2 protein chains.
Amino acid sequence: MNAEIIAVGSELLLGQILNTNAKFLSEHLAEIGVNVFYQTVVGDNPNRLKQSIEVAETRADLIIFTGGLGPTKDDLTKETIANHIGKQLVQDDEAMESIEQYFIRTKRHMTENNKKQALVLEGAKVLPNDHGMAPGMFLRSGNHFYMLMPGPPYEMEPMFLNYGKQAILDELDTVEKIESRVLRFFGIGESKLETDIQHIIDGQTNPTVAPLAKEGEVTLRLTAKHPSVEEARTLLDQKEKEILDIVGDYFYGYDETSLMEALVGKLAENKQSIACAESLTAGMFQSDMAAIQGVSQMLKGGIVCYSNEAKEKLVQVKKETLEQYGAVSKECAKELAENIRELLSADIGISFTGVAGPDSLEGKPPGTVWIGIAIKGKPTKSYLLELASSRNGNRRRAVNYGCYYLLKQL
Amino acid sequence: MNAEIIAVGSELLLGQILNTNAKFLSEHLAEIGVNVFYQTVVGDNPNRLKQSIEVAETRADLIIFTGGLGPTKDDLTKETIANHIGKQLVQDDEAMESIEQYFIRTKRHMTENNKKQALVLEGAKVLPNDHGMAPGMFLRSGNHFYMLMPGPPYEMEPMFLNYGKQAILDELDTVEKIESRVLRFFGIGESKLETDIQHIIDGQTNPTVAPLAKEGEVTLRLTAKHPSVEEARTLLDQKEKEILDIVGDYFYGYDETSLMEALVGKLAENKQSIACAESLTAGMFQSDMAAIQGVSQMLKGGIVCYSNEAKEKLVQVKKETLEQYGAVSKECAKELAENIRELLSADIGISFTGVAGPDSLEGKPPGTVWIGIAIKGKPTKSYLLELASSRNGNRRRAVNYGCYYLLKQL
């Protein structure tokens, strides 16, 4: 089964929002072996939407629409599809009930235009919306399947995972199973990695091997097809071993595991606690860590020592260190890491100090970063980065490198 | 001039990365009055790319491609376009020189496959790549304009802003000027706002008025067309006044100004310094603030008091407060805000404490958040939020509300 994703919304064409729905759906469709060959974005315009549907029908079996199911006058997706495939819109009583409940639960007044959201395509399977009002729909008409879901990602994502995906699986009767696995690398460029494993990429058939680079990270996606899931996994295992024999030094995790998740997993395994002193990164390392559920067992917290005053008063960095070496120095990074570890009686202290940019600081160019890592019972280490990204690119990369260097030490 | 954006890359169709390029380009094309009616994503497959070009040629004057210009074997965009429009690929000496320099500058070894990046379409205007290797191209062929740019956003974005945009402007000779302005609101839902200004939306012609909701924020984009820029701006001024007379209480800023930028602007204007104690948000507020250039003048820093130990040891919250009221309480939020303000001798102290979720804490449900705001010379205020988003949605919204409540007090 081949799919096309059509996101509907003038706000996408005006560049006001990112099309995260297309990424999310593509990823989850790939997992169940549905190939997405095209993603399209079209505005809240019935004629152009109709034209997009016609194009999609020539090249996809399944067309998934996101957006345009809301209460406002420019929400026209289901009306346009109803018209195109010759179906009526009928009120779904459960959806109506759910909309009324939504307003009661969120203690808001229900305006009249919200009722329009309870209309669904005649004969469609209704996909409940557990996080909003507009229900989704799935139906077959002629040779095509149509799935309609709302635009807001916090509504669409759970709807697809809990109802939409199964509706598609029920229609699939594939013989071949598709298994895929992503290998994640850090500290090696895409060209270098690809050159190192050139013979594997050139000789790829099953599994396929696809490289991708992003913010200092490189990933390889391996995808195997086989009637037996076990055999497909064995194919992946063999190819993975072949690759890691060559570039295993840079490997840090699988699939969607971020560097931070790999780090949190390792800290949990080791039962180690961590405290942080962040100047350059100003809380980004800790905030990223706290994004992961269950992290309160290891993250004691720390200090955002953005000013030198905070470095001295809160993290007790010596005045002489700041005067003699500056805030962006190996010495300052070392004291920050050691002091924050002691202040919070943690197993590990990590620090970030540097020049985000665009201006230089203390005569050091933007992108100069020192990372300090103090682990109980080990000598403190400091790492110098010379980054060349934007202000926030430098901060983001510093956080990634911090995760990577710490991981390597655990 | 109407445009279509075609992003090329199987990693997009596999859902590995977000199509930020389409958003970026759409936004900047809208600014110069180029309408984007479609965005398309297609994989690294010459046949399907060719088919996408043919579809785009039926509905757009300008086709902008991103991606597929790199050194690897699956980068096929320029080869496919060359073939489709009947042009040769020729080496661009400046691009070749720039690629060689890039490897010298980044102290890396240049592999052979990188040379392919210096090939450009015969007769194209070359768009220099100041942040990477593959140059961009712009050319006219028949009735269409084609622009080719690399996929990585940190290469594509400066290329478009510094070279691509002007290349398009040189080809435009519009009579009508387009001016647009975004009004930003917080603390009011989309339905409520739309109902309140229904008569303005119903009667819209010039300027047009388009609402958009995102993470507790609602924006209205006003777009006016007029042969005179001044007149277009006057039309915007009039419509803005009409709208703010009704919903001005919720208005906080223009265009791309985030709540945090509005707050930083206000703090700079007032010359006020700020210190933060973050439990729930774990550094997100400070990290977001530090993303803005020049913030070191006001952001003293603060403490990420994720554990109760950090609340007591570092922010000196009384043991009795934590025992009697819990960490997620009005009393704790108040002490955190007041203490961090005093610890760093700042004008303002702000604190966040709450339950991110998915689990409850101290018998309080996920989404329960207390924000404390202590301003020198004023009584400390605390605000209760009852959010209903995901773990990180709750953290993000808490940061937004913190900005909003503080702004309202300044």
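## Contacts and fold of chain A

In chain A, 66% of the contacts (heavy atoms within 4.5 Å) with a separation of 6 or more join residues 24 or more positions apart. The model is predicted, so local features need pLDDT of at least 70 and side-chain atom pairs count only at pLDDT 80 or more, while totals for chains, interfaces and linings use all residues. Residues are numbered from 1 along each chain as its sequence is written, chains are lettered from A and ligands numbered from 1 in the order in which they are written, and side-chain values use heavy atoms, with hydrogens and water left out.

## Burial and charge

Chain A carries 44 positive (Lys and Arg) and 57 negative (Asp and Glu) side chains. The centres of these two sets lie 5 Å apart, with charges placed at NZ of Lys, CZ of Arg, CG of Asp or CD of Glu.

## Interface with chain B

Contacts link 78 residues of chain A to 79 residues of chain B. The buried area (accessible area lost on being put together, 1.4 Å probe, summed over both parts) is about 6700 Å², and carbon and sulfur atoms give 53% of this area. Leu13(A), Gln16(A) and Gln39(A) supply 9% of the area that chain A buries against chain B, more than any other three residues.

Between the two chains there are 2 salt bridges (a side-chain nitrogen of Lys or Arg within 4 Å of a carboxyl oxygen of Asp or Glu). A salt bridge joins Lys300(B) to Glu309(A), at 2.9 Å from N to O.

Definitions and conventions. Buried area is the accessible area (1.4 Å probe) that two parts lose on being put together, summed over both.
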